[in-house]
Amino acid sequence: MCGIAGIVSQSAPVNQELFDALTMLQHRGQDAAGIITNESHRLYLRKENGLVRDVFNKDEHMRNLLGQMGVAHVRYPTAGCSTSAEAQPFYTNTPYGISLSHNGNLTNSDELKQELFAEDRRHLNTDSDSEVLLNVFAHELMMRNTLRLTAEDVFAAVSGVHRRCRGAYACVAMITGYGLVGFRDPYGIRPVVYGRRETALGVDYLIASESVALDALGYELMGDIAPGEAIYITEEGVISRRQCAVNPIYSPCIFEHVYLARPDSVMDDVYVYKARLRMGVKLAEKILRTWPEHDIDVVIPIPDTSRVAGAELAARLGVNYREGFIKNRYIGRTFIMPGQAQRQKSVRQKLNPVDIEFKGKNVLLVDDSIVRGTTSQEIIQMAREAGARKVYFASAAPPVRYPNVYGIDMPIASELVAHGRTEAELETLLGADRLIFQDLEDLIDAVKHKTSKIQRFDTSVFTGEYITQDITSEYLNQLELFRSDAAKQKRSKAATSVIEIQNA
C-alpha cells in the first residue's frame with residue numbers, strides 16, 4: 001500500500017501540487033515521501049523517510065523542485081525495515097532518464113533481478129521490487145532503439161513489462177523531456193485514476209492512486225486506468241491511451257474498499273463511501289438473520305474506517321449509534337506500524353473511551369477487519385474497563401486468514417489471529433461475548449453492487465486463492481522468513497548498527 005502521483009502542467013510549476021496530492025494520499029503510506037520534477041531536461045529530487053509535511057521544507061526543498069512535470073510517492077515498507085535509500089521515486093538514466101513511482105508488489109522480482117543482471121546488463125542499487133520494475137520498463141524502452149520517442153514506443157515498452165512482470169503494479173513514470181506514463185497490471189489489483197483540468201494555457205493532467213487527490217486540486221476525474229492499460233501524456237499535454245495486455249481480467253483488491261482507501265474516493269467506478277454503507281447493511285441483515293433476539297443497546301465504531309459501516313448498521317438495527325472512542329489524530333495507522341509491541345502500545349495512545357457511552361450497556365463494537373487481533377483484543381478490554389456489561393464485536397470483512405502478496409504489508413500467516421482458528425475460537429481468544437464476521441459473498445456484493453466492469457475481486461487474504469496463480473508454498477515460506485516481526489526487528493537492528501558506525 002503506497003500512494004503515487006504524477007502531473008504534467010501547461011500552466012504552472014508542479015512542486016506544490018505534487019506536495020498537496022501526497023498530503024491527500026498520506027493515509028496510504030507514512031514511512032517515506034518523495035518528489036522528482038523535470039525542467040529543461042534537468043531533474044530535481046527530494047525524498048526521505050517521514051511524513052510529507054516533514055520531508056519537504058518550503059525554503060530548503062520545495063523551491064528547488066523546478067519544472068512543470070513530475071512524479072511523487074508516499075511509502076510504507078512492504079516487507080520490512082525502512083531506509084531512505086528505498087524511498088521513491090526511483091531513477092535510471094538509461095534510456096532518456098526515467099523516474100518511476102510504484103504501488104504494489106512483484107511476485108517474480110527475484111527472477112527478474114537475475115534477468116536484469118545476466119541478460120539486460122542493468123545494475124540495481126536497492127532490494128526494492130519497484131527498482132526492478134523501473135529497470136524492466138527502461139530496458140523494454142531501450143529495445144525500441146530510437147532517438148525520438150513516440151507513443152507507440154511507450155506502449156510497446158509497457159507491453160513488455162506485462163510479459164515479464166507478475167504481481168501487482170500501479171505506476172506513474174516520467175520520461176525526461178518527453179512526458180508522463182501511467183500503467184496498471186493486467187488484473188488491476190492496485191488502484192490508479194487520472195483527471196484533467198483546463199487552464200488558460202492548456203490542459204493539465206494528474207495521475208494518482210485515489211480520486212481524492214484530484215478533487216482537492218480541482219481536476220475532473222476522467223476515470224480509472226484500466227487493467228493492462230497505459231496512458232501517455234506528452235509535455236505539451238497530448239494524451240494517448242492503449243490496452244497493452246493480452247488478456248486483462250478486471251480483478252481489483254477488495255481490501256482497498258474495506259480499509260485502505262479514503263471513503264471519499266472513487267475507484268473502479270465504485271464509491272468507497274457507498275460500498276462501506278452497504279457493508280453495514282449486510283452486517284445488519286446477518287445479525288437480524290442469525291441473531292434476531294439480540295440485546296444490543298448501542299453500536300460504537302472503531303474510528304475511522306468503520307464509521308460509515310457502523311452508522312448504517314445501527315440505523316438498520318434500530319439501535320443507538322455513538323462515538324464511544326476518541327481518536328488521537330497524531331498517532332499513525334497501527335495496521336502499518338512495524339513490530340507487535342509498538343502496535344499494542346499505540347492502541348491505547350490512539351483511542352480513548354468515553355466511559356458514559358459504555359457503562360451498563362451491551363455494546364456492539366464495529367471495525368473494518370480483524371488482522372493480527374492486537375487492536376481488537378485491546379479495544380474489547382478497554383470497553384470492559386469503561387463499564388460495558390457485554391461487549392460484542394462485528395467485522396465488516398470476513399476473517400483475514402492468509403498473507404497479502406500484492407503490496408499490503410499484512411503479517412505472515414502464523415501472525416494472523418484468524419489463521420487456523422474457527423470463529424468460536426477467535427471469540428474466546430479476543431474476549432468478546434459474541435463475534436460477527438461479514439460473509440465473503442455479502443462483502444463482494446456490497447462492493448461490486450451494480451458495477452459491471454469488475455469481473456472479480458482479489459480476495460486472497462480471506463480465501464488463500466491468489467489471482468495471479470503463481471504463488472507457491474515455497475514463495476509463502478520465503479515470505480514468512482522475511483516478513484515476520486522477528487525478521488523485521490533483526491533487519492532494523494542491523495540498519496541501526498550501520499548508521500551508528502557511519503556516524504561514529
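Guide: Let's start at D470, which sits in the loop between helix 14 (460-463) and helix 15 (473-483); helices here are DSSP runs of H or I with at least four residues, strands are E runs of at least two, and both are numbered from the N terminus. Bear in mind that this is a predicted model: local features need pLDDT of at least 70, side-chain atom pairs count only at pLDDT 80 or more, and totals for chains, interfaces and linings use all residues. Residues are numbered from 1 along each chain as its sequence is written, and side-chain values use heavy atoms, with hydrogens and water left out.

Although D470 is a loop residue, its relative accessible area is 17%, which puts it in the buried class. For that label, buried means under 20% relative accessible area, exposed means over 50%, and partly exposed is in between, with a 1.4 Å probe and protein chains only. Setting aside neighbours within four places in sequence, D470 is in contact with T107 and R166, contact meaning heavy atoms within 4.5 Å. The side chains of D470 and T107 make a polar contact of 2.6 Å, and the D470 side chain makes another, at 2.5 Å, with the side chain of T468. A polar contact is a pair of N or O atoms within 3.5 Å; within protein, one must be able to donate a hydrogen and the other to accept it, and residues adjacent in sequence count only if both atoms are side-chain atoms.

Another aspartate to look at is D185, in the loop between strand 8 (179-184) and strand 9 (193-199). D185 is buried but has no salt bridge, and R184, the nearest side chain of opposite charge, is 5.8 Å away. A salt bridge here needs a side-chain nitrogen of Lys or Arg within 4 Å of a carboxyl oxygen of Asp or Glu; Lys and Arg count as positive, Asp and Glu as negative, while His and the chain ends are not counted. Beyond four places in sequence, the contacts of D185 are H162, G167, A168, Y169, R190, P227 and G228.

H162 takes us to helix 5, where it is among the buried residues, along with others including D153, F155 and R164. Eleven of the 14 residues of helix 5 are buried, so the helix is largely enclosed by the rest of the structure. Its cover includes helix 3 (109-118), helix 4 (129-142), strand 7 (167-175), strand 8, strand 12 (229-234) and strand 13 (239-243). The length of helix 5 (residues 151-164) checks out too: at 1.5 Å a residue its 14 residues should span 20 Å, and its end C-alpha atoms are 20 Å apart. That expected span is 1.5 Å times one less than the number of residues.

Helix 4, part of that cover, holds N135, which is buried at 3% relative accessible area. The contacts of N135 outside its sequence neighbourhood are T92, L116, R122, H123 and L124. Go on to the loop between helix 4 and helix 5 and you find N145, which is exposed at 72% and has a positive phi, near 55°, despite not being glycine. D268 also has phi near 55°, but this residue is buried at 2%, in the loop between strand 14 (266-267) and strand 15 (270-271).

Two cis peptide bonds are also there to find. One joins Q88 and P89, with omega about 10°, and P89 is in the loop between strand 4 (69-75) and strand 5 (90-92). Another joins P303 and D304, with omega about 5°.

Last, the cysteines: the disulfide count is zero, taking a disulfide as a pair of cysteine sulfur atoms within 2.5 Å. The closest cysteine sulfur to that of C171 is in C165, 8.5 Å away and too far for a bond. C171 itself is buried, at 0% relative accessibility.
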